[in-house]
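I opened a new structure today and kept notes as I went. Here is what I looked up, entry by entry.

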Amino acid sequence: MVLSNVVHSQISLHQRFRGVVPEVASRSHTERILPIVRQALDDAKVTPEELTAIAVTHRPGMVGCLLVGLAAAKALAFRFNRPLVGVDHVQAHVHTGLLADPDMPLPALCLVASGGHTALYKLIAPGKSERLGTTRDDAAGEALDKGAALLGLSYPGGPSIENEGKDGDRKAFKLPRTMLDKTSLDFSFSGMKTALLYTVQPPGQPKPDELPSGQELKNLAASYQEAIVDVLVKKLRRAAEQHDVQSLCIGGGVAKNTRLREQIAADPVLKQLHLVLPPLDLCADNGAMIAGLGSILFRQGKTSPIDLDAVATAQSGGKIKMRPRKRRVSK
Ligand code: KG4
Ligand code: ZN
């Protein structure tokens, strides 16, 4: 049960840079960490002595930010003599479905789509997942953020594009959908971003004096969002057809997108699964999902040493499914 979920958003700090500046982010973490911990305890009406364990994100991410959280969590664990549980932030997104719906039948197909990651996982059992596919270049959120910048819309791009495209024509611009080969569960969004750039600034032609505006901007935003949502939904369908799964859950900031949710719920294959589209505050980065996976790991005895380190990369989430390659027979 989630007793409190306090999030301090740094969006206003990073907006003018159109992206997260690591140094600014870690300084802000240092300033905010203690007030946030205090508020989370107050909202939950819990004293530190009543805590069972302290869960903390230790990977993946910007090391400066991770170190601030780790230092605070270690201090709490040491002072109140409680176990420390290191959590992988991407795995926490994978487990958000279980937090929103603890009875979600497993195995579940999970889409994690955020600013830094876009991947499909099979959640086999609590604490155990297998990565089925991942992006080969940009994450979906990154493609939305960069697409928005290109259209002159504000950071973060996902919500700006969603708002701008509300009254736009999703079919006005024909943008490609990168599906890779016929069975691949990997993603690639960088070509789609370039296609948007070339739509706005055709190659070989002088750079337009003005950015798109009015109905044209609405149509561009709606068409670009539709292309990205289309790829995410088609890959989910492909994964559901290839793997034996009973449920589908989504996590990460892009999972807040209304059109994505609509299209998942409308898809003839996907809607046959037990769908868990978590509340929006559990989709974007939040502490409750870290505590959620932390409590699963704690119950499994998977606590961490007090010298737990910050790691920039994600854990692979089990073995990566590779399609068998055809062997070349030499003659
Ligand atoms: O999970 P998250 O909060 O942080 C990361 O771990 O990256 O995801 C942030 C990403 C950003 O790229 C943002 O543009 C995207 O989520 N996002 C959205 C929406 N809200 C946030 N994308 C599409 N539609 C939204 N409504
Ligand atoms: Zn995230």
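The entries below go from the metal site to the strands, then to the loops and the side chains.

**Entry 1: what kind of model**

I noted at the start that this is a predicted model.

**Entry 2: the zinc site**

Which residues coordinate the zinc ion (ligand 2)? I found H89 and H93, each through NE2, and D285 through OD. The distances run from 2.0 to 2.2 Å.

I then looked at the spacing of these donor residues in sequence. The pattern reads H-x3-H-x191-D. Both histidines sit in helix α4, which covers residues 89-94. H89 and H93 are four residues apart there, about one turn of the helix.

Next I checked the geometry. Four donor atoms surround the zinc ion (ligand 2), and their angles span 93 to 157°. A tetrahedral label needs all angles between 85 and 135 degrees. The arrangement is therefore irregular.

**Entry 3: strand β3**

I moved on to strand β3, residues 108-113. Six of its six residues are buried. I sorted the side chains by direction. A108, C110 and V112 point one way from β3. L109, L111 and A113 point the other way.

**Entry 4: partners of β3**

Which strands pair with β3? One is β4, antiparallel, with six bridges. A113 has T118 of β4 as its bridge partner. These two strands form a hairpin with four residues between them.

Another is strand β6, residues 247-251. β3 and β6 run parallel and share five bridges. V112 stands opposite G251 of β6.

**Entry 5: β4 and β5**

I followed the chain onward. Strand β4 covers residues 118-125, and six bridges join β4 to β5 in the antiparallel sense. A119 has T134 of β5 as its bridge partner. How many residues lie between β4 and β5 in their hairpin? I counted two. G127 sits in that turn with a positive phi of about 85°.

I also checked the cover on β5, residues 128-134. Five of its seven residues are buried, so I wrote down "mostly covered" for β5, with buried meaning under 20% relative accessible area.

**Entry 6: cysteines**

I searched the whole structure for disulfides and found zero. C110 is buried at a relative accessible area of 1%. C249 is also at 1%, and counts as buried.

**Entry 7: cis peptide bonds**

The bond from L106 to P107 is cis, with omega near 0°. P107 lies in the loop between α5 (96-100) and β3. The bond from Y155 to P156 is cis as well, with omega near -5°. I placed P156 in the loop between α6 (140-150) and α7 (157-164).

**Entry 8: positive phi outside glycine**

N81 has phi near 55°, although N81 is not glycine. N81 is in the loop between α3 (63-79) and β2 (84-88). Its relative accessibility is 67%, so N81 counts as exposed.

L180 has a positive phi too, near 60°. Where is L180? I found L180 in the loop between α7 and α8 (190-200). At 32% relative accessibility, L180 is partly exposed.

**Entry 9: rings**

How many aromatic pairs are there? The count is one. In that pair, the ring centres of F187 and F189 are 5.8 Å apart and the planes meet at 15°, so I call the pair stacked. F187 and F189 are buried.

I also looked for a charge over a ring. R79 lies over the face of F80, 4.4 Å from the ring centre.

**Entry 10: a loop residue**

Last, I looked up V269. V269 is in the loop between α10 (258-266) and β7 (274-276). With a relative accessible area of 26%, V269 is partly exposed. V269 and R238 are 31 residues apart in sequence. Their C-alpha atoms are 9.2 Å apart in space.

Note on methods
Residues numbered from 1 in each chain as written. Chains lettered and ligands numbered in written order. Predicted model: local features only at pLDDT ≥ 70, side-chain atom pairs only at ≥ 80, totals over all residues. Heavy atoms only, no water. Disulfide = S-S within 2.5 Å. Buried < 20%, exposed > 50% of the residue type's maximum accessible area, 1.4 Å probe, protein only. Donors = N, O, S within 2.8 Å, 3.2 Å for Na, K, Ca; no water. Tetrahedral: all angles 85-135°; square planar, octahedral: opposite > 155°, others 65-115°. Phe/Tyr/Trp six-rings, centres within 6.5 Å; stacked < 30°, edge-to-face > 60°. Lys NZ or Arg CZ within 6 Å of the ring centre and 35° of its normal. Pairing = 2+ DSSP bridges.
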